[in-house]
Every structure is written in structure tokens, then in C-alpha cells.
Amino acid sequence: RLSQTDFELEDMADQNERAFQKQPTIFLGRKRVLGKSKKTKSKTGGLRYYKNVGLGIKTPKEAIEGNYIDKKCPFTGNVSIRGRILKGVVASTKMNRTVIVRRNYLHYIKKYNRFEKRHKNIPAHLSPAFKLNVGDIVTIGQCRPLSKTVRFNVLKVQPQTLTGLQKKKQFRVF
């Protein structure tokens, strides 16, 4: 049988991990609210922490009103964006909360006075605030190392405009 506190905790966040998921900046035992801050009430009724990452990037509505918990999210977690801001095409979404971003570029060969096509694959953390598909154009920002290979975080998503088979491998320079 569910008690009142169990029901409140279920509403608070998506609990699909073994460890209890909560935002470290929110105290769950609060009896009353004092003052206003960036810890706003979400649509489920619980308090929610979010922040502006800066650099002219808007905080997604899902990060403000959603109920996901992600400590590596740049909007609701403990990650700051600094360093490079890059754009690329999503090549793979097979990993859990991680995407592979393909960056295409041209390399000049002096001997032949021509360019050759090259690419790099960059793994980036994907916050649950975003829904994307293979072929979408994403803006990623550099952050501290989040795992062995992940050093970037998805900041903005532009849905793809291409249709057909070569969505992710078509050579597009931004």
C-alpha cells in the first residue's frame, strides 16, 4: 500500500535506476517554502532546480517543467559549459543518454591543390530534455569529462530537413 510520502516521491521524478534519484540542490523534507529562487515548482508540484547555461542558449521548457533527474545535464545538473561550441549531425543514438555527433570538414592537400573530405565522431551527453533522431543538427558545448570518452553536452537541437537514406552521412558543412 502506498503512503502519502511514497505517492509524492513517485510524482517527483522518474525513478528508473537502482539508486534513489534526486537533485542535490533540493531538500525533500521541506515543510514550507521561504522566498523565491530558481528552484521553481514543476507541473507535478515538487520543487525543481534549473539554470541558464549562458552563451545565448535558452533553457528548454522540458528542463524547467519536466521531472527527469540527470546530474550530467547542463540545465539541471552540476555541469558547466566552457571551451568550444560545435555543430554537427547526429550519427547514432544507440547509447543510453549519449549520442555520436559527426562533424564533417575539408582538408587541403597542397601537392594536388585540392580538398579531401574528412570527418570526426564526437560522443556527447544527451539530456532527457531533448528528443532527437539520427540526422538532426545539434549544437554541442564542451564541459568537464563526463566519462572515458564524453567531453561534450548537447545544448540545442535543430530537426533535420533532409529526407532519404543518406541523412547522417551526407557531407554537410555548417
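Biologist: How much of the protein counts as buried?
Modeller: Of its 174 residues, 37% do, where buried means under 20% relative accessible area, exposed over 50% and partly exposed in between, with a 1.4 Å probe and protein chains only. This is a predicted model, in which local features need pLDDT of at least 70, side-chain atom pairs count only at pLDDT 80 or more, and totals for chains, interfaces and linings use all residues. Residues are numbered from 1 along each chain as its sequence is written, and side-chain values use heavy atoms, with hydrogens and water left out.

Biologist: OK, and what secondary structure does the protein have?
Modeller: Two helices and seven strands, taken as DSSP runs numbered from the N terminus (helices are H or I, at least four residues; strands are E, at least two). Along the sequence the pattern reads α-β-β-α-β-β-β-β-β.

Biologist: Let's look at Asp 136. Where is that one found?
Modeller: Asp 136 is in the loop between strand 5 and strand 6 (137-142).

Biologist: Is Asp 136 buried or exposed?
Modeller: Asp 136 is buried, because its relative accessible area is 5%.

Biologist: What does its side chain reach at 3.1 Å?
Modeller: The backbone nitrogen of Gln 160. Beyond neighbours within four places in sequence, Asp 136 also has contacts (heavy atoms within 4.5 Å) with residues including Gly 88, Val 90 and Pro 159.

Biologist: Switching topic: which strand holds Phe 115?
Modeller: Strand 5, residues 114-125. Phe 115 is exposed, because its relative accessible area is 56%.

Methods
A polar contact is a pair of N or O atoms within 3.5 Å; within protein, one must be able to donate a hydrogen and the other to accept it, and residues adjacent in sequence count only if both atoms are side-chain atoms.
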